[in-house]
Amino acid sequence: MIKLQVIHGPNLNLLGLREPAIYGNQTLADIEQTLVAEAEMLAATLSCFQSNSEGALVDCIQATFGQKDGILINPGAYTHTSVAIRDAIAAVGIPTVEVHLSNIHQREAFRHHSYIAAVAVGQICGFGADSYRLGLQALVRHLKGC
């Protein structure tokens, strides 16, 4: 069984309330419920974690070392600012897929750069809550060598 860690960054706890025109109406709990069902179909298990704190996100990434096979991460705004999260992903060496609800490349210029992309096996953005599902599928396929 493939073991995965799903990590949600800052403000994602407000999904469903926060700027629904950009981020949609689904809550974080809705997204996680969909991911759990999808993971079961893919013969994978997952643990979910959300924090608004950069340090807590780094701690979660470090805790995956030797425990998880892959990471699915939406670093939120830390995508564009956090060398620490980027370095933690590089340090653990676990295949990681970066996801975003909105298309970060169509938004404000400061959102166009991702520190995470350079250490991720791939990035999926712009498909709303489906970005998570598509990212999960891609990560599992990558881990299975498909």
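The legends below describe views of a predicted model.

**View 1. Overall fold of the chain.** The secondary structure comprises 5 helices and 5 strands, where helices (H or I, at least four residues) and strands (E, at least two) are DSSP runs numbered from the N terminus. Along the sequence these elements follow the pattern β-α-α-β-α-β-α-β-β-α. The C-alpha trace spans about 35 × 30 × 25 Å along its principal axes. For 146 residues, a compact globule would have a radius of gyration near 15 Å, and the 14 Å of the chain agrees with this; the radius is taken over C-alpha atoms, and the globule rule is 2.2 Å times the number of residues to the power 0.38.

View 2. Of the 146 residues, 45% are buried; buried means under 20% relative accessible area, exposed over 50%, and partly exposed in between, with a 1.4 Å probe and protein chains only. The chain exposes about 6900 Å², of which carbon and sulfur atoms supply 53%; accessible areas come from the Shrake-Rupley method with a 1.4 Å probe. Among contacts (heavy atoms within 4.5 Å) between residues at least 6 apart in sequence, 77% join residues at least 24 apart.

**View 3. Packing of helix α3 with helix α4.** Two packed helices are described by the angle between their axes and the distance between the axes. Helix α3 (residues 54-63) and helix α4 (residues 83-92) pack at an angle of about 5°, and their axes are 9 Å apart. Axes are lines fitted to C-alpha atoms, for helices over the stretch in contact, and angles run from 0 to 180 degrees between N-to-C directions. The helices α3 and α4 are therefore roughly parallel to each other, a term for angles under 35 degrees. Helix α3 contributes Glu54, Leu57, Val58, Ile61 and Gln62 to the contact, and helix α4 contributes Ala84, Ile85, Ala88, Ile89 and Val92. These residues divide into 8 nonpolar, 1 polar and 1 charged; Ala, Val, Leu, Ile, Met, Phe, Trp, Tyr, Cys and Pro count as nonpolar, Asp, Glu, Lys and Arg as charged, and the others, Gly among them, as polar.

View 4. Asn11 lies in the loop between β1 (2-8) and α1 (20-23). Its phi is near 70°, a positive value in a residue other than glycine. At 32% relative accessibility, Asn11 counts as partly exposed. Ala43 is found in the loop between α2 (28-41) and β2 (44-50). The phi of Ala43 is near 60°, likewise positive in a residue other than glycine. Ala43 counts as partly exposed at 38% relative accessibility.

**Notes.** Residues are numbered from 1 along each chain as its sequence is written, and side-chain values use heavy atoms, with hydrogens and water left out. Local features need pLDDT of at least 70 and side-chain atom pairs count only at pLDDT 80 or more, whereas totals for chains, interfaces and linings use all residues.

How values were computed. Parallel < 35°, antiparallel > 145°, perpendicular 65-115°, else oblique.
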